[in-house]
Amino acid sequence: MSKIFIVEDEVSIRSELAELLANSGYETESLTDFQHSAENILKSDSDLILLDINLPHLNGEMLLREIRRKTDTPVIMVTSRTSETDEVISMSYGADDYITKPYNPTILLLRISALLKRSSKENIKNFYRNLQVNTAKGSLTDSINEIILTKNEMIIFRLLLDRQGQIVSRDDLMTALWDNEEYINDNALTVNISRLRTKLAEIGCENAIETRKKQGYILI
Amino acid sequence: MKFGKFLADKIAEIIISLIAWLIIWNFLAVFHIGIWQIFIIGFTYFSAEIIKILWEFLRKKHFYDSLISDCEKLDRKYLLSAMTDSPDFYEGQIFSEVLYSTDKSMCDHVNAYRQQTREFQEYIELWVHEVKLPLSALMIMCHNNPEISGKYTQQIRRIDDCVENVMYYARGENAEKDYLIKEITLKSAFNASAVKNRAELQQHNVTIKTENLNLKVMTDGKWLEYIIGQLIGNSLRYFSAERDPEINIYAVETDKSVIFHFRDNGIGIPETDLPYIFEKSYTGVNGHTHTKSTGMGLYIIRNLCRSLGHDIKAESVRNVYTDIIITFGKNNFLRPD
């Protein structure tokens with residue numbers, strides 16, 4: 001289980017954020033003593049840090065610079081500061097991503113998951129049943145056969161696989177697709193899912209994706 | 001400065017001189033001074049008078065002419081006193097001093113207002129950040145409680161849009177440069193905007209087609225993201241019930257510029273409204289008949305485009321399409337290697 005460290009002085013956001021991350025299967029720790037921010041963050045030995053810019057005692061950008069001297073743990077700046085300047089400063093101090101408030105929580109979760117995968121702190125699931133998943137190549141293979149997935153189908157399959165056994169809402173699937181510049185509409189999502197089902201059935205995985213009415217889909 | 005008018009202004013002095021000369025002439029005649037001598041005295045007297053007037057005219061002409069031409073050249077005329085040297089004649093010096101003090105008072109006045117606007121804008125920015133905190137908390141709360149999520153999230157998004165409008169209105173009105181120009185792809189700005197507006201676009205079942213958005217432009221990414229967000233909002237408001245809604249976003253590169261098109265197949269803009277749509281508070285026919293419009297959206301984005309140095313214009317055919325076209329200049333001086 002990956003551990004995420006939350007640096008956020010607004011109590012209501014901090015607790016909701018902790019709940020959001022816990023619901024998504026992350027362990028969380030929050031900073032409460034802003035006097036010794038850097039030490040506490042480093043001590044926690046987290047896999048990823050969510051860092052606000054407007055903080056008591058210290059500016060988040062300065063804090064980021066201090067952390068970066070000691071560790072290369074991924075950092076996502078999460079802030080209500082919406083100017084390009086703040087983003088450029090944060091990125092130049094070594095932030096890995098920059099998200100402005102109020103953000104879509106699904107986007108935050110997608111970015112967190114992407115960063116954890118990149119820093120290989122989260123195991124990438126490369127197998128589904130007896131199939132090997134080749135994300136870069138866009139294909140699924142068993143010992144004999146190979147099926148090619150379109151970009152959309154792969155995005156959908158990846159998200160379902162990452163959350164295998166949990167319900168993934170259509171809204172989350174849409175967010176992931178749009179975030180990857182695939183601006184498809186509702187009908188197209190339904191079509192993509194049924195095509196994905198057919199392809200999985202062809203390679204021997206019948207009934208892999210189940211529909212949960214009004215909730216979403218689940219990969220069994 | 002015209003000599004004729006100057007002379008007309010001196011008419012009293014000239015008459016006094018003539019009267020004085022008549023008295024002198026009579027006086028000289030009484031003492032039987034010869035006509036030749038009187039002529040010489042008269043010649044000297046009038047020469048002195050003429051030279052005096054000419055000398056005065058030239059001195060003043062030099063000062064006032066340069067004052068007038070400086071004034072014409074100046075964009076902010078109240079800075080005139082800073083441009084002109086004090087003249088070498090007394091009246092002019094008095095005039096210069098008075099001018100200096102009025103101009104200074106004007107500058108102080110302008111600065112006080114500028115400072116006030118600046119502080120107001122700073123407060124707006126601060127206020128916007130404050131408002132965004134509870135909005136963020138609400139967004140996550142909605143996500144954590146999926147049973148209420150959808151419709152509440154949409155309202156929160158609406159509030160966030162309103163708040164952003166205020167912030168960008170303040171940014172666009174302010175002359176201070178608080179943007180940051182760097183090279184970005186059109187794709188990145190469009191994507192951020194599209195993801196933000198996804199729920200609304202999906203609700204209207206909009207087909208989105210993008211083409212050639214890998215082109216790079218020099219701009220402020222956050223501002224462009226807002227501008228595109230506004231365009232999406234406008235399209236959503238004015239789709240036609242007769243067709244499936246569609247937005248085409250594409251870019252064309254020329255030698256000197258990158259031209260970005262945001263084209264929808266909505267109800268279009270009447271030809272008579274087209275020249276005015278970027279004006280403040282202009283709502284036009286669509287703004288009255290279709291939906292409540294404040295007439296601020298396009299005005300704000302035109303202001304932002306002006307600050308960033310992009311050209312923005314609209315083309316439309318009623319009931320066929322609206323195309324908002326933004327032209328980004330290519331400036332190689334600004335481009336990092």
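What follows is a working chat about a predicted model with chains A and B.

Biologist: Start with chain A. How many helices and strands does it have?
Modeller: Chain A has eight helices and twelve strands. This is a predicted model, so keep that in mind.

Biologist: What does the C-alpha trace span along its principal axes?
Modeller: For chain A, about 60 × 35 × 30 Å.

Biologist: And what percentage of chain A counts as buried?
Modeller: 38% of its 220 residues. On contacts, take those in chain A with a separation of 6 or more: 56% come from residues 24 or more positions apart.

Biologist: Which domains is chain A divided into?
Modeller: Domain 1 covers 3-123, and domain 2 covers 127-219.

Biologist: How many residues does each put into the contact between them?
Modeller: Domain 1 of chain A gives five residues, and domain 2 of chain A gives five residues. On the domain 1 side, two are nonpolar, three are polar and none is charged. The centres of the two domains, taken over C-alpha atoms, are 30 Å apart.

Biologist: Which strands does it pair with?
Modeller: β1(A) pairs with β2(A), residues 27-30, in the parallel sense over four bridges. β1(A) also pairs with β3(A), again parallel and over four bridges.

Biologist: Give me residues. What stands opposite A:K3 in β2(A)?
Modeller: A:E27. On the β3(A) side, A:L48 stands opposite A:I4.

Biologist: What handedness does the β-α-β unit there have?
Modeller: Right-handed. The unit is made of β1(A), helix α1 (residues 11-23) and β2(A).

Biologist: Now helix α3 of chain A. Which residues are buried?
Modeller: The helix covers residues 60-70, and its buried residues are A:G60, A:E61, A:L63, A:L64 and A:I67. Seen down the axis of α3(A), they fall within an arc of 155 degrees, so they line one face of the helix.

Biologist: What covers the buried residues of α3(A)?
Modeller: The cover includes α2 (37-44), β3 (48-51), β4 (75-79) and α4 (84-92) of chain A.

Biologist: Switch to the sheet with β10. What is the strand order?
Modeller: β10-β12-β11 in chain A. It is an open sheet of three strands, with antiparallel pairing.

Biologist: Which strands stand at the edges?
Modeller: β10 (167-168) and β11 (209-212) of chain A. Each has a single partner strand, so one side of each is left without a neighbour in the sheet.

Biologist: How many bridges join β11(A) to β12?
Modeller: Four, and the two strands run antiparallel. β12 of chain A covers residues 216-219. One bridge partner pair is A:I209 with A:L219 in β12(A).

Biologist: Last topic, chain B. How many residues are in contact across the two chains?
Modeller: 30 residues of chain B contact 29 residues of chain A.

Biologist: Which elements of chain B supply at least two residues each?
Modeller: α5 (90-144), α6 (149-173), α7 (186-196), α8 (198-203), β2 (207-211) and α9 (221-237) of chain B. α5(B) has the largest share, eleven residues.

Biologist: What is the split by class on that side?
Modeller: Twelve nonpolar, ten polar and eight charged residues on the side of chain B that touches chain A.

Conventions: Residues are numbered from 1 along each chain as its sequence is written. Chains are lettered from A and ligands numbered from 1 in the order in which they are written. This is a predicted model: local features need pLDDT of at least 70, side-chain atom pairs count only at pLDDT 80 or more; totals for chains, interfaces and linings use all residues. Two strands pair if DSSP finds at least two bridges between them. A residue is buried if 20 or more other C-beta atoms lie within 10 Å of its own, exposed if 12 or fewer, and partly exposed in between; C-beta atoms are placed from the backbone. The arc is that of the directions from the helix axis to the C-beta atoms. Two residues are in contact if their C-beta atoms, placed from the backbone, lie within 7 Å. Domain bounds come from an automatic or database domain assignment. Ala, Val, Leu, Ile, Met, Phe, Trp, Tyr, Cys and Pro count as nonpolar, Asp, Glu, Lys and Arg as charged, and the others, Gly among them, as polar. A crossover is right-handed if, with the strands pointing away from the viewer, the path from the first strand over the helix to the second runs clockwise.
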